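The following explanation considers how parts of a protein chain are joined to one another. Please consult the sequence and the structure while reading.

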Amino acid sequence: MGASVPHSRRILTFAIAAAAATAGVVLPSGTAAAAPRATTSDFNGDGFADLAVGVPDGTVGDRAKAGYVNVVWGGPRGVGAHGSIRVTQATPEVPGTPEAGDRFGASVTLTDLNGDGIAELLAGAPGEDVTDRGTDAGMVTVVGGSTSGPGPGSTVLTGPAPSAAYGTSVVAADLTGGGNKTIVVGGTDKVVARVIVGEDSMVTTVVAAPMGGRAPVLATGDFDSDGTADLAVAYWTAGVPSTQSHVRLWKWDADRTEMANFWNTDNAGVTALAAGDFDGDGHDDLALGECREIADENIDDPCGPERLAKGGGVHVHYGSPASGSFGTRAQTLNQDTAGVPGLAENGDRFGAALAVGDVNRDGRDDLIAGAPGEAVGSKARAGAAWLLRGGARGLLDARGTAASVAWNQDTAGVPGVAEAGDAFGAAVATGDHDADRTPDVTVGSPGENASLGAAWLLPKGSAGGSLAFSPRTLGLPHLATAQKYGKPLHSR
């Protein structure tokens, strides 16, 4: 769990030249709403989107919960049929040493940092002990992709103090408009960003506030329609030290060289965020998953009608033209909404995981929503996932009706059998894994097989041709222990 290498040798610095995203890390060379989104998760440069599966509870050697990341290769048959690699802190040139409780892979992102067409892997290890920083200071690592496997890695950021737990969440996007991607890291009660501006690299605090011991939820999108990505942050507490909850949007302020808060909705506690253009108007929208009102007072109806929060609700704030205001229009849905299969019940956790992709290629993004607490028949917490289709007015039509389909392990064509505690839908992701220009859907089930865990590929968002893969089928070690494979997931 300890990073014994001196901190100064593990700090990632950024090159200015477009040919390289990081100094000291050798990186290989290598959208409009109506068009498929570009693949940014091709880690081995073969033209197929790959999938990163974080396994923070995974055993490495004999070290419980040292954690690893499984990069599952895309190919003509999607993910799960073309093999994978395991990246750990024992992988050559990856910083650190695998030790019990590091939880490497607690957060994962595949993203093309330098625009060469090959993705890099960002992995958080919030349990990492760091020399001169303390126990569980945490760390985020970047590992270069290449056509011959994982390239050298280096440290993006380490936590400044014991229990800082940097790496509980991580995202990356060009937030400054300068062509370099900012890496945003969540930790205990804090969100920070490593930003490149001109020839300088700096670390700036985005928000520091009590977060109830939960990982801050992060997402990126162009919410103010100025052509540059913005950052969405969600966090909440309940009673310690006070009840508060926020979803906040931040943009880069070039004059002050810091992130500036420009939009808020308070009293909304959420588990997931996702950005997409669900109504096809060219402006990014923001979906709040498993949205529930936290504070006692109802100031701004943060999650829509209270009845639609039962079992978990999805609340969407819609983007507006540059002359308008983000979030003026909103929609809310749950399993009691017309057109959404199922019945809203307490504990379903509808929307606890979200992903976005234009699965039917109609120029409007669709939303994938997981509900790991959903009962399937008498099987409690077997879990399910939904494809909620975008339309001219977003996820709901003029009558307030959704167009959607649902899957679970008892759905015809989906391998397996729904069992209590599977938590199917605890994580979801989209990516064009077979390079046919149509996104595929992946659903994680960390409770499958006594918490060994597994994931399901639904090609083009369909049960037809779906397949399941797990540590056992991919030949990963320690098959008898609870790995909780399938959460988190990331692809694009």
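The paragraphs below treat the disulfide, a sheet and several salt bridges in turn.

The model is predicted. A search of the whole structure finds 1 disulfide. It is formed by C291 and C303, whose sulfur atoms are 2.0 Å apart. Because C291 belongs to strand β20 (residues 285-293) and C303 to the loop between β20 and β21 (313-317), the pair ties together parts 12 residues apart in sequence. The link of C291 and C303 is left-handed, with -70° about the S-S bond. Both C291 and C303 are buried.

An open sheet is built from 4 strands in the order β4-β3-β2-β31, with antiparallel pairing. Strands β4 (84-87) and β31 (489-490) stand at the edges with a single partner strand each, so one side of each has no neighbour in the sheet. Within this sheet, β2 (residues 51-55) and β3 (residues 68-72) are paired over 5 bridges; A52 has V71 in β3 as its bridge partner.

The structure also holds 11 salt bridges. One of them joins the side chains of K251 and D224 at 2.6 Å, N to O. K251 lies in strand β16 (residues 244-253) and D224 in the loop between β14 (217-221) and β15 (230-237), 27 residues apart. K251 is partly exposed, at 26% relative accessible area, whereas D224 counts as buried at 18%.

Another salt bridge connects R329 with D279, the closest N and O atoms being 2.9 Å apart. Since R329 is in the loop between β21 and β22 (330-333) and D279 in the loop between β19 (272-276) and β20, the pair ties together parts 50 residues apart in sequence. Finally, D57, R103 and K484 are linked in a network of salt bridges.

Key:
Residues numbered from 1 in each chain as written. Predicted model: local features only at pLDDT ≥ 70, side-chain atom pairs only at ≥ 80, totals over all residues. Heavy atoms only, no water. Disulfide = S-S within 2.5 Å. Helix = DSSP H or I, 4+ residues; strand = E, 2+ residues; numbered from the N terminus. Buried < 20%, exposed > 50% of the residue type's maximum accessible area, 1.4 Å probe, protein only. Pairing = 2+ DSSP bridges. Salt bridge = Lys/Arg side-chain N within 4 Å of Asp/Glu carboxyl O.
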